[in-house]
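Welcome! Please take a moment to look over the sequence and the structure shown here.

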Amino acid sequence: MPDTWELVGHKSDGTFLEGLSVATPAFETWLNNYRHSNPVLAIAELVQPSRQITDIRPTIAVLPLQSKPGSDYESLIGDMLSEEATRALSRSTLMNVISHLSCRNVDTTVITLGDLQQSIGVDYVLSGRVRVRNDAYHLSVDFTDVESGTLRWSQDLTGQVSKFVDGNDEVAYLLARAIGREVVSASIETTNARQLYDVESHYLLVSAIALMHRQALGSFSQARPRLEELISRAPRCAALHAWLAMWYVLSVGQGWSVDFARDAATAADSGRRALDIDPECAFSLAVDGFVQNNLVKRFDVAAARFDEAIELDPNNALAWLLKGTMHAFVDQGSEAVSCTDRAQRLSPVDPYKYLYDSLAATARLSLRDFTGALELANRSFKANRRHISTLRVRTIALQSLGRTEEALTSAVELVRLQPSLTVEGYLKDHPAALFATGREWAEALRKSGVPTN
């Protein structure tokens, strides 16, 4: 059921108690007289007013892992694993995660899914049990869509207690990644099966974001109407305007914009609206910095946005990533790599890890670490073969390493995906072209076979 109601037309378009049939002459006489004397009173007056929604992300709870009765050690390990999984999930911009302390108070032996949905509005639940033997632990976990009651997946995982305590165990991170993928899958399935107006907001949001990052025009174009539908439901949700701004930045970056000036202005307007609604939204600040850096080319404003986002949320991976990209564009390679390396360490479980690798490759390129840039670009390319920036970095790195034949092949693929690309156009539009590094990159593209004009 949609989160808000929308009244189409005017209330006078309806009829009071239309469709109500009571076979009593006295009631019919009263009803007809009332309708005649109150012609503008419609049943639409009973419509529920819109709520001011500020966060429509899916809400996830990691419930305490069950252990053998009386086993304090197993219970402790299970509690620590639950906390780490919660922390990993909380780094995602896609999900709202119930705190570990709140979940610790849930008695998993008596509470139902319906109870969880009513009490804390949770959309998904991770539950399971833990068994420990010597230095080994074994997890059996279930991930459930609360509204439908559907078990999305079950998984068994093993690890070593000593590694986990030392911070070298990846099981909690792997759990978070699996949850991120499943939330995306569930959202796309649900949204594709219904009309947009009939889809819950959290499904719409996640599916829109996932489609934005598929980098295929058919999928990408479906993301914007989903975001616009959400904005019509929750116009005071700052993050939605920020996501729309990001859609325009990515559209321009892929070479799909047919009117750069208009799309840059629309992106800037969406970023401004997001910050007008919530000036302290770290995500909106980071995205507006992205707009200022990539489209408006106001690097001072972009730097201020990133710094403010990081001051509000020092663990904001996106802000660190985009700040690193800004440094890469303005010939500050060391700062660029420092920021993107930090972003990689904080990297969320969202479905755009390829973007982190791609922009980290750009940072390496600005440091003239062409081997490191190529390694990251290849990893990004493996995850998403249509991302223009990745192909561009890959081509430049290959050319700079003297691998000219491979650079030529990469450039052919780059131009195939972006037929409008020319060196002249790159120098005109790309923000890095204002600096020495960008001009070097343009020359590498020319040597690789990208058309001059």
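The notes below cover how to read the model, then a few of its helices.

## Reading the model

This is a predicted model, in which local features need pLDDT of at least 70 and side-chain atom pairs count only at pLDDT 80 or more, while totals for chains, interfaces and linings use all residues. Residues are numbered from 1 along each chain as its sequence is written, and side-chain values use heavy atoms, with hydrogens and water left out.

Helices are DSSP runs (H or I, at least four residues), numbered from the N terminus.

## Helix 2

Helix 2 covers residues 72–90, which makes 19 residues. From first C-alpha to last it reaches 27 Å, close to the 27 Å expected at 1.5 Å a residue (1.5 Å times one less than the number of residues).

## Helix 13 and helix 14

Helix 13 (residues 317–329) packs with helix 14 (residues 333–345) at about 160°, their axes 7 Å apart. Axes are lines fitted to C-alpha atoms over the stretch in contact, and angles run from 0 to 180 degrees between N-to-C directions. The two helices are therefore roughly antiparallel (over 145 degrees). Residues in the contact (heavy atoms within 4.5 Å) include Trp320 and Leu321 of helix 13 and Cys339 and Arg342 of helix 14.

## Helix 12 and helix 13

Helix 12 (residues 299–312) packs with helix 13 at about 155°, with axes 9 Å apart. This pair, too, is therefore roughly antiparallel. Phe299 and Phe306 of helix 12 take part in the contact, as do Trp320 and Met326 of helix 13.

Key:
Angles under 35 degrees count as roughly parallel, over 145 as roughly antiparallel, 65 to 115 as roughly perpendicular and the rest as oblique.
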